[in-house]
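Me: I have a model open and want to go through its packing. Can you take me through it?

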Amino acid sequence: IAQADFERVHQSAEFTRLRTTFRRFAFPMTAVFVVWYFLYVLLSTYAPGFMSIPLIGSINIGMAMGLAQFVTTFGITWLYVRHASRNLDPLAAQLREDLEGGATHAAG
C-alpha cells in the first residue's frame with residue numbers, strides 16, 4: 001500500500017468521522033474517570049473522617065469507593081468495547097476495505 005493511499009484515507013471524510021466518533025466517547029469518559037479518581041484520592045487525603053464512616057460491618061466509605069474504582073474501570077471498558085463494536089469497527093472496516101481495495105486496484 002502506497003503512502004499516497006494512506007494520505008488519501010487520512011484526509012477522507014470517513015476517517016474524520018471515525019476520529020470524531022472515537023474522541024466523542026474517549027475524551028469525556030476519560031475526564032469523568034479522572035475526576036472520579038481524584039475525588040477518591042482527595043477525600044482519602046483530606047477527609048479521613050468521612051472516608052472512615054462505616055457502611056456495612058467493617059466496610060467503610062473509603063473501602064467502598066476504592067472497590068468502586070475497579071468496578072468503574074471494568075464498566076468503562078465494557079462501554080468502550082460496546083461503543084467500538086457498534087460505531088468504530090464498522091467505520092474502520094470500511095476504511096480498511098477502501099484502502100486495501102484501492103491498493104489492489106492500483107496494483108492490478
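Me: Which residues make up the largest nonpolar core?
Reply: Seven residues: Val9, Leu18, Ala84, Leu88, Leu91, Leu95 and Leu99. A nonpolar core here is a set of buried Ala, Val, Leu, Ile, Met, Phe, Trp, Tyr and Cys residues joined through side-chain atoms within 4.5 Å. Helix H4 (residues 61-107) gives the largest share of this core, five residues.

Me: Before I go on, what sort of model is it?
Reply: This is a predicted model: local features need pLDDT of at least 70, side-chain atom pairs count only at pLDDT 80 or more, and totals for chains, interfaces and linings use all residues. Residues are numbered from 1 along each chain as its sequence is written, and side-chain values use heavy atoms, with hydrogens and water left out.

Me: What does leucine 91 touch?
Reply: Arg17, Leu18 and Thr21, not counting residues up to four places away in sequence. Contact means heavy atoms within 4.5 Å.

Me: Switching to rings. How many aromatic pairs are there?
Reply: The structure has three. Rings of Phe, Tyr and Trp (its six-membered ring) pair if their centres lie within 6.5 Å; planes under 30 degrees apart are stacked, over 60 edge-to-face, the rest tilted.

Me: Why is the pair of phenylalanine 25 and tyrosine 80 called tilted?
Reply: Because their planes are at 50°, with ring centres 5.8 Å apart.

Me: Is phenylalanine 25 buried or exposed?
Reply: Phenylalanine 25 counts as buried, at 16% relative accessibility. Buried means under 20% relative accessible area, exposed over 50%, partly exposed in between (1.4 Å probe, protein chains only). Tyrosine 80 is partly exposed at 32%.

Methods. Helix = DSSP H or I, 4+ residues; strand = E, 2+ residues; numbered from the N terminus.
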